[in-house]
Structure formats: structure tokens, C-alpha cells
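Hi everyone, thanks for coming. I'd like to walk you through one structure today, so please have a look at it with me.

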Amino acid sequence: MNTINTIIINGMSFTLPLFIMAIGGIYSERSGVTNLALEGLQGVGAFFGALAAYIATLQLGSKSVAPYYLAMIFAMIGGMLYSLVHALLCIRFKADMVISGVVINILAMSLTAFLTKSINRTVFGAASDKIILGVSTRFTVPGISDIPVIGAFFTNVYPFEIIIIVVAVITWYLLYKTSFGLHLRAAGDNPAAVDAAGIDVSKIRYLAVMMSGALSGLAGICFAYSISAKFSSDIYVGYGYLSIAALIFGGWRIMPTLLACFIFGFARSAGYQLVQKLELPSAYSDLVMILPYVLTLLLLIFLAKNNQAPRALGEAYDKSKR
Amino acid sequence: MTKKENGGTEHFKVAVIAVLLGLLAGAVMMLILGKNPFMAYYNLLQGCGFMPKSKYAGGKSILTDLSSYIDFLTPMLFAALSVAVALKGGLFNIGISGQMLVGAFLATTIVGYSSLPAVLAKPLVIIIAALGGMLIGALIGFLKARFNINEVVSSIMLNYTAEYIITFFINTKYVDPISRQSKEISKASRLTLHQILIGGYRYDLAISFILAIAAIFIVRFILERTVLGYDIKAVGQNKEAARYAGIKVNRCITLSMAISGLLAGLAGASYYLGYFASMQPKTLPSTGFDAIAVCLVGGSSPIGIFFASLFLEIIAKGSTYMSSQAGLEAEIASVIMGLILLTSACSAFILEFLNKRKKIKSEKSQKSEERQGGGN
């Protein structure tokens, strides 16, 4: 019983950040911009968020909850700003979108590592390659949390999980129920038609990539606040790529993608519980870590064939070819 | 032929511009931090044995640094060739790091910990590492050809899978309790003659460097002069057209990834059983990612790659010395590398920009000629 609760609690706190990042990816890719940069975007977002939280904590003291929410906001801003590089490269400079994404990731890793060290040394006077955040506080909803199994979804919840759910609902509405969402989805399938309707394809794509930056940044700071309790190069362990796998698995649609994220999140937390239950040495948790990755590959084997990617995905839109 | 040569010089121009822009951006960053960029770049050269240092420890000389630099360069040559072969086939191999790990891990455990004599051990290391890398590469190619799985996604998944599995085995079976890395391999199986004494000075002689040079010409030969190379390039340029031309597209995809993986395996051997003699758990070698930069700057041609890695590896190798001399974080080297990557990803745009300028210039001169003609 207790095990199932732990699996659910840990599973949810991994699933939701993954999901919100995947939504970012869906925005970008549905608008026609291939986005492998999610990994880098979440890292840079987490860096900005962690830095903001660290500075705010110095000012406001460790009791204040403001740094936590400031971190969320700055992570989104940071991710968004950094995503502009990807947008510029793909839309303005017509770089190969796959290569651009990978480049953005490599640069993100070295840039944040460098900045963390430099800022720690010059501003805070300490030689360190990380920014300590501590694990976020959690809350339990009284009453509902006593129901077996279902109650676990309301036990030890990170506040960011609520933020993510709210943001996810808003982004779902925006993508499927507004004219902006319609234009965005059309830009990825038939940009020429969007252009003919008098809508600026580039502008839509810029906005979509920025959206993916903001959402990835949010996801990044959530990982930093839950799994690693700090910002360091530990953040780059492939969360971004996992969410890309999730969105491919979900066929570039939000609800099926959620399902994929659930599978990854729960496979991971169940694996960890298994290692603990069997009282295996900690080295075995390394073996468990491969579960989401292997699962992704296996699932893709069955699903990739029938998957319909946005038709104009990965192509820079060239007006003159209309 | 002339057209191709033109493309070569044009690409060379673009690559130089991209690299200069990257270096410039790096210099600006250093200036912001209050450091002298010229001195820092000079330190990079000193660290690689291209420029003399002010003092050397006993038994070391400028040639020691140079030999160590060549030792460091060798894995990058293989890795960048690996990127190039896949790229020619229209595939993006970002799984080189994982393939390096797998090849090197198999070679380490099978040969590195055995007591085989050097004559047997060294060739075996090369063969096993190459096969290990090839297997993973072929798997990625097969998944792409058969199941339409994006090679970027599958190779990244395999990267992490390989990393964690190998970490598990190192930590449970082969760990050295002091260094927290895998136990050192036997001297006989190491591909680098480490710190050997010649004429009073010590050198790191990389045997695999000779193999890397050979690989450059072999890859060039395969791509330019064989049917297989032609097929791979045809598939890379237009899959559908290649299919109509009767080329077995799926076979080509698997094969080009297999060759790419083979080269990555060799990169792993020369890295973990050459430059190093042990493997670090929980780390993907950055060589696999930096190789993408090297390949892009080198225009994914084997010869271009040679010069690109010769140049770019100075930044990576010299960074340790630079950070000790200039008081800059060694990470700035990878930032500069990343910036160069960024600018070289825009090479298509730079090319377009150059062409546009050329056009404007020629139009201008035409106009002025016309005007002169009118005057007469």
C-alpha cells in the first residue's frame, strides 16, 4: 500500500514537468519548427530560476516563499529568451533545425556551467559549480488524501504541480480552441495557406518557439526543485529528449502525450521502489534509470510507423516558393 | 571538378568566417570578465605545444605537449569522420558518445584486463571497439530504416542506456576504489605509448593517430570512389529519388550508420584505451558532441575535418593551461566551442550573404561600366 503511494507521489512529480515541457515541444513542432533544443532550454531556464531564487533568498531570508515563485517566473523568462536563439537560427538564418537544436543544447550546457562557476566565484566568492536550492516544500490536501490510492495524488504534492496543471489547461485551450492555435497548427501543416490568409508565418513560429522556451524553463526549475534540489550540470540528463520522445509517441497531440509522460514517470518511480523493496545496493538504481529510455525505444518501435508528423515540420518557410 | 573546387574554397571562406565570429564572441566574453583575450588565446597555443611555455618541468618540452596534443586529437578525428559519414547519408548521429562508450567498454573488459601480449592485444582492442560501435550504429540505422524511428531520438536513448548500464558494471565489478573510475587497463593493450622516454624527454605516442590518418583517406575513398559511397550520398540527398533509381534505401541507411558507429567505436578506443587508460562512470564523453562542431566547420569532407579538428582541438586541449595561466574557468573553452558551433550552423546564411554581396558588387561594377560607356 505504502509502496503504491510512493510510486504515485514520485511518479506525479516527474510526469508533470515532463508533460509541460512536451507541450512546449508540441507548440514549436506544430508550428513547423523542429525542436530538439528542449533539453538546453530547460537547463537555461533552471539556471535563471535558480539564480533568481538564490538572490531572492539572500534578500528575503529563507522563510519567504517568494523566491520559489520568482524562480518559476524567471525560469520561464530565461527559457524564453534563450529559445529566441533557436528561433532566430531556424527562422531568420535558415539553419538546419535539427543541427540548431543540438547546437543550442551543447551551448546551454557549457554556458550555464561556465556562468555558474564564474558567478559563484566573482559575486558570491565561493568556488562551486552549483546553485543550492533545497527541495521545495510539499502540501497534503486533508480529507481526500485519506482515500486509498486516489488519496496519494493529493499527498505530498509540490506546489509547482498545481502551477503546471493550470498552465497545461491554458495551453491546451490556446492550442485547440483559439484562432491563434488554429493558425499555429496550420503553420506546421501548410504554411503557404496561412501566408495566403494574410497571417505572418514567421511571427507565429517565433511565438511558438518562445512558448516552448517558457514552458521548458518552467519544467527545468521544477526538476531542479524536486529531483536534484540544486542547479548543476545534473539537470542535463535527457529530460528534454524524453519529452520529445513523449510528444512523438503522443502523435504531436496534447492528451496522448500526457499518457506517454505518465508511462515514463511511473516506470521510473516504480523502478526505484523495486530497487528499494528488494534491498539491492544503490548501484542497481543505475540499471533502473534506463527504464524510461528503453521503454521509449520499444514504444517507438510499435508507434513510429503510423505517426503523422506535422507536414511542414523541419522546413524553413520560404515565401518565394509559394 | 571546377565547380566542386569552387564549393571547397567557398566553404573554406564560410568556415573561417564562422570560426572567427565564434572566437570574436569568446573574446568579447573575456573582455567583459576583464581578461586579455589575446593572452588567453596565446595560452591555448602554448598548452598544445605550438608555442613555447615560459618554463617546463623536468623531462618535458614543447614536443611533449605537441605529442600529447596529437594523442588528444586522435579520438576527435575518428568521431568527426563518424558524424560526416552519417551526415552524407542524410542521418544525424548524435549517439557517438554512447557508441564510444560501448566500443571502449567491450575492449576494456575483454582485452584491457587480460594478459595478452601487445602484438595481439592492440589489434584486438581496435577490432573489438570498432565492432562494438558498429553494432550500436547499425541498430540505430536499422530502427530508422525498418520502424521509421528518428535516429536522433533513438541514439540519444541508446546513449543514456549505454551510460547507465556501463556505469552499473564499472561500479559493481571493475571499479578502482581510489580513483572511483574503472581499473586501469594493461600497458600492452593501451593504444598510446604513454610517457615513453626518448632522448631524455617524455612523449605520448598515439599509435591510433596513424590509423586515424588512414581512416580519413579510406572514408574519402569510400565516399568518392565506390558504389556504396555514391548510394549513401544519393540517399542522403533525396531518399525518394534514390529509391526510384533502384538504390536499396533501407540497406544504405543501416550501412551508413554502421560505418559511422564503427568510426565512433574507434574514437572510443583511442579515447579510453589511448589518451586515458580507464573509463569514468556516469559520464558521456563530450567528444561525441564536439565532433558535430568539427564536422560542420570541416564542411563534412574528410580533409576539411582534419584541418578543422587540428584547429578546434587546440581550444579544448589548451583550456587547462589557459585556465591555470589566465585565471579563467576552463569551461570558457567549451563556451567558445559552442559559439563556433552556433555560427557554423548558420553557414548557409553566411554563404547566402556572401553571394548577395558579390552580386551587388558585380551589378555595381556593371552599372559603373555602363555609365562610363555612356560618357564615351
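Let's begin at Lys282(B), which makes a salt bridge to Asp286(A), with 3.4 Å between the closest N and O atoms. Please keep in mind that this is a predicted model, and that 3.4 Å is a computed distance. How many salt bridges does the rule find across the interface of chain B and chain A? The answer is three.

Which helices of chain B each supply at least two residues of the side that touches chain A? They are helix H5 (118-147), helix H6 (151-174), helix H11 (287-297) and helix H13 (331-345). The largest share comes from H6(B), with 14 residues of that side. As for polar contacts, five residue pairs are counted between chain B and chain A, both partners at pLDDT 80 or more.

Now the interface as a whole. On the chain B side, 40 residues are in contact with 43 residues of chain A. Between them the two chains bury about 3,900 Å², and 80% of that is on carbon and sulfur atoms. Three residues deserve a mention here: Met157(B), Tyr164(B) and Glu329(B) supply 17% of the area that chain B buries against chain A, more than any other three residues.

Let me move to a spot in chain B, Ser61(B). Where does Ser61(B) lie? You'll find Ser61(B) in the loop between helix H2 (37-47) and helix H3 (62-88) of chain B. Is Ser61(B) buried or exposed? Its relative accessible area is 12%, and the cut-off for buried is under 20%, so Ser61(B) counts as buried.

Last stop, over in chain A: helix H9, residues 239-249. This helix is mostly covered, with eleven of its eleven residues buried. Among them are Tyr239(A), Tyr241(A) and Phe249(A), along with Leu242(A), Ile244(A), Leu247(A) and Ile248(A). Gly240(A) and Ser243(A) are on the buried list too. And what follows H9(A)? There you meet Gly251(A), with a positive phi near 60°.

That's my tour, and I'm happy to go back to any of these spots with you.

Terms used
Residues numbered from 1 in each chain as written. Chains lettered and ligands numbered in written order. Predicted model: local features only at pLDDT ≥ 70, side-chain atom pairs only at ≥ 80, totals over all residues. Heavy atoms only, no water. Helix = DSSP H or I, 4+ residues; strand = E, 2+ residues; numbered from the N terminus. Buried < 20%, exposed > 50% of the residue type's maximum accessible area, 1.4 Å probe, protein only. Contact = heavy atoms within 4.5 Å. Buried area = accessible area lost by both parts, 1.4 Å probe. Salt bridge = Lys/Arg side-chain N within 4 Å of Asp/Glu carboxyl O. Polar contact = N/O pair within 3.5 Å; in protein donor to acceptor, adjacent residues only side chain to side chain.
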